[in-house]
Structures are given as C-alpha cells and as structure tokens.
Amino acid sequence: MDCNCADRLNNSPLHAWQGHASWRVLATDFEYGCAFLQTWATWQSDRQSDPQRSAQLHYTAVLRQPLDAQTVLTHAPAALQPQAQALAQRLYGLLPGVHRLSFEQGHVLLTLWVGDAHTLLRQQTSTADAVLLHPAFDADAHNVKALARHCQRGTVLQIGSDDRAKLSDALRHSLTTAGFVFTDAPSAPEGGTVTLPHWAHYAPRWEPRQRAGGITPVAQAGTALVVGAGLAGSAVAHSLALRGWQVTVLGAGGTPADGASGLPAGLFCPHVSPDDSVLSRLSRSGVRMTLQRLRDVCQEAADWAPSGVLEHCTDGGTGLPASWATGPGAQWSHAPSAEQLHTAGLPADTVACWHAQAGWVRPAQLVQAQLQHPRIQFIGHAQVARLHTCADGRWEALDADGQVLAQADLAVLACGPATPALLPAGTPWQFQALRGQITWGWHTPSNAAALPPFPVNGNGNLVPHVPYQDGQMWVMGSTFERDVDTMPISPEDQIAAHAVNLHKLATLLPATAAPLTPWFTPGDERCQPTWGRVRVASHDRLPIAGPVGNATPGLWACTAMGARGLTLSVLCGELIAAQLHGEPLPLDAKLAQHLGTERLARQGAKAAEVAPLPAQ
C-alpha cells in the first residue's frame, strides 16, 4: 500500500471513530506499517479538535513476515517519523503468532498477527469497526468468509489505501456474496474534494451468527471493585481504568502489595523450551506487555531495569529451540557470550542462555504505579468476607460484620490465597498454596565484587543490584514450599529457608556463594530474617483470568499467578479488559484458552468422572 497516502487516509471512513469508546481497525496486510502510522497520527490530531474521538485505538494487522526497524523508518514519510521511531523500538522478537504493542500510555494498541493472512483470519478472534483490505487479497470464498467473521453489521471495508487500488471482479463478487455492500464514496467536506479507493460496509441479508461460547461484551464502562491490591489486582484495575471504568481496589492491609507482591525484588523473564510450549509462548506475551507497562508507569533504574537475565541451566540443557540460532527467536534468548559467563564467575563451558528481553523489578513499586491512575481508588484494611449480588445485579463486598465495603457493576477476585473462600459454592477450581522465602542483604566492600553485573536465574534466582536506602541490596530465593500457608514463619522454618537458598546460590553461582555465606548463616550479625509470603497456583500452574461462571454474571477472576506474577499479571489484566469490551485479544486465541476459566470447569468435570465411589 502507498506510504504517501496521508490526505486520502485522513478522510477515510476507516477513521469514523467519533462517539465510540474504542475504535477497532483490521488490516489484512501491515506491509511497512504506513497505514497504521497515518491512522495513529490522525487519531492523535483529533485529540484537541474532536472531543468525540474514541479514547482508545485498536489496530490489528497481518504481518506476513517479521519487519525490521530500519525498513519502517526508511518507508515512513517525514511527517510520520515520530510515530515510526516509536514503532521501530518495539519491533523485536516477532515470531509467528500474535504480538501486542502498546503506545500512548496504553491508549493506542497495535496487535500484529505474524503469518499467513488466510490462516490467521480463521484462527484468531476479533471484531472490527473498519477493515483495510489489501487489493491482492485472495478472492477465494472461504478466505472472504473468514474475513467476514471479524465484522459486525455496519463494519466499513476499504480496498487499498489509495485511489489506484484495483478491485478484481472476483474479489468484488466474493465480498458481495459474503454480505458486503459497495457504496459510493462519502461526500467531501464543504469546499473540498475527496478521492477514496473502493469501499463497502458489512450489511448481510441474514443475521450474522454469534460465536458459540463467546463472552457478551459490556455496552459501556461502569464501576468495578477489585478484591486484592497486589500485582494481579493492580494490573486488572489499571487496564479497566484505561477503558473508562471507575475502579475501587480493596486491600487487606493498610498499603498495596502487602502480600506476595511486596517481594523486595524479582525477575520478569521468558521461559524457553525446545518445542516452544504453551508456557514459553505465554511468557513471551507477558514479558512484552510487562516491559511496556513498566516503561509507561515506573521509573527505570529506580523501580526496574531491562538488564537482561543470564539463565544457568543446571539440568544440562538450554531449552532453546534449534531454529532460534538467528532471527526473531534470538532477539528473545540466545547463547551467552564468553564475557557474560566470565563476569558471572562461570566456566566457559557452562550450559546457559541469555534472555535479552528480561530484567528486574521492585514489585511493590509497579503495584503502586498502576494504582495511581485517576480512575482508581484504593481502600486499605478492607477484609472482604463475602461477595453478594444485589437485586439490580450489582456486586457488594461485605466484611465479617456484614458491612458494605464497596459496591459496583463488576467484581474481580484478585486476592491470591484468599480467592477460594470468596468463590461461589460448588466452583470446581483447585488451588495449591506455595510459601516462598527469600534471603537478602546489602552491598558491602566484602561482597560487592562477588556479585555479577546482571541477574542470574535457574534453580532460584539472584537479583544482585537493587536500589536500597542510600546504597544497594541483593535478593536471593526463593524457597518453594508446596501446600504450606503458615504465617508468620517460625524461626526454625527461617533457618531452613536460609539453608535452601544458600544451596541454590551455590549451584547457580559457586563463586558468589562463598563470599555471601555469612548472610545465610543464622547467628551472624549480617544474616537478616527471611522475607516470606504465601502465593497460590492453579492445578496446571497457569494463572486464571476470566469470568467465574455463567451462573454468576459480573464476577471475574484474575488470580493464581503462582511464581510468575511479574511476567503474566499485566497480560492477564489486559486479557480480561479485552474480553469485557470485545476488543482484539492481546495474545493468540488458543493461548488465551489456557488462561481462561472454561478449562477449570472441564478439569473439575474430569475429576468428578474419576472420583472413587463412596463406600457402601
């Protein structure tokens, strides 16, 4: 498509976003990104001149093969270079699948479907307000029908981005058969002229079939209450607030992040596996979105840093897919350099991999920053004993005395270990408590030289350089105590945790463990009490993000982050917001099912089938 099409696109029906809370564009070929850049620029220019402009712009596009940053910058017109620079910075690791890129503090969202257009149109789920159709789109009836699945009555369709676009008779016929009606070009502004390519709108003579099992989107943003003020609760609250919701967040403690999300420091990092498993793909989507959220709301170097992470693969295998030696995969993870191994104090033949898109973060700072949105109110010391539905369908959160803590149209359970007690009776979800303890210390002349310059993970992880008071601290952990939820932690359990963490460090970084041993030795003045909290995991170790069930409309869950809250919580919050509003999903549709709640109902039914018969 023509990259010098600014005047034509400025007047395009693709930009009829006035009066819409969000505007969703689907392009069947991203090419060099010019149509997206122009759409974004037009949306920006309407910010002051048009108060009816949509608050969010969703642009979904098929990218046939990965696009490099320099190509975008070369093809973008001079007037679009600011947007092109921002896009170029995010074009890393575009493996086949779905990638969500965020701009304008989350108000402009670009979803790239990397691969074959016709396959992706069949596999993915989205509903568009406007479609930009490449003139070379295959006119096969099955392909056009797949495109129509992404339309609703009234969806605008534009063929190409310039008036030279050729519309074949075959494509016109297939589009007409699928329910599109071709229309004359819209009238030009008074005193002006308009030249547009072919365009149509979706107006089938039949009623479009609704997808089975789909979630009915809300008509508009309303009020929401979120139970839980940790990573999960703050992430979903922020995503809802971006879409216009007034959100009340109820925290059990006096301040946010008083539970497991108060970890002094942790890592966000992709998971790798030779077969690129579900967890690996989910983790990449999560890391990309976590990085974007951190850049939007937190202070780099003080709250977090994109430091990269060295993974010491103590089990003998890196987990890297064979195809990742070069290309987009290597932009995520690759073999470390000899210098990286040397600076970590590891031998040159150490089995390891380097995660380029990874880093450390102080979770409480991320939680606080996400809750700073003006549409979010935090209420502390709010111990929710039960949830109740009112006659008008609104939800109430009640304390142990039956006093109303908050009332809202929507309720979200994001309270980790407290989630099971607030679920409706009979909800067939299984959880496992996971208590974790970390060992920590501050930098001193005797240990600073032994600390690597970047975080290292494997069996446990070391975050070596975290701002702390007037200096820096290091954090090592964590223990993984299954089915343990006892708090506070006894002195005996703390001693045992220090020993476990020291053993992990000795395996991970032998050269570092010896100088740091006093900090793990109870009785030494340098040894501090462990920091520990209880997390909760689902039966398959993946988070839960979705509606609780058909019998409880308006009740959702964003919980069971386990040990991956820093990597997956932002993704889960955005997934819930997308489902509520009928937006393009921020990840592959099949991957989203692995986070959804329907899987838990299936798992509960399966467990019931194999349950032993009661004794006679």
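Reader: How many aromatic pairs does the count come to, and what makes the pair of Phe36 and Tyr59 edge-to-face?

Author: In this predicted model the count comes to 14 aromatic pairs. The ring centres of Phe36 and Tyr59 are 5.2 Å apart, and since rings pair if their centres lie within 6.5 Å, these two qualify; their planes stand at 65°, and planes over 60 degrees apart count as edge-to-face, so the pair is given that name.

Reader: Which parts of the chain does the pair link?

Author: Distant ones: Phe36 belongs to helix α2 (residues 34–49) and Tyr59 to strand β2 (residues 56–63), with the two 23 residues apart. Ring pairs also join Phe36 and Tyr59 with Phe30, Trp40 and Phe103 into a cluster.

Reader: Why is Phe36 called buried, and why is Tyr59?

Author: Buried means under 20% relative accessible area; Phe36 has 0% and Tyr59 has 2%, so the word applies to Phe36 and likewise to Tyr59.

Reader: How do you know that the charged end of Arg288 sits over the ring of Tyr92?

Author: The charged end of Arg288 is 4.5 Å from the centre of that ring, where the distance cut-off is 6 Å and the position must also fall within 35 degrees of the ring normal.

Reader: What makes helix α8 largely enclosed by the rest of the structure?

Author: Of its 12 residues, 12 are buried, so α8 is described in that way; among them are Leu231, His238 and Leu242.

How values were computed. Residues numbered from 1 in each chain as written. Predicted model: local features only at pLDDT ≥ 70, side-chain atom pairs only at ≥ 80, totals over all residues. Heavy atoms only, no water. Phe/Tyr/Trp six-rings, centres within 6.5 Å; stacked < 30°, edge-to-face > 60°. Helix = DSSP H or I, 4+ residues; strand = E, 2+ residues; numbered from the N terminus. Buried < 20%, exposed > 50% of the residue type's maximum accessible area, 1.4 Å probe, protein only.
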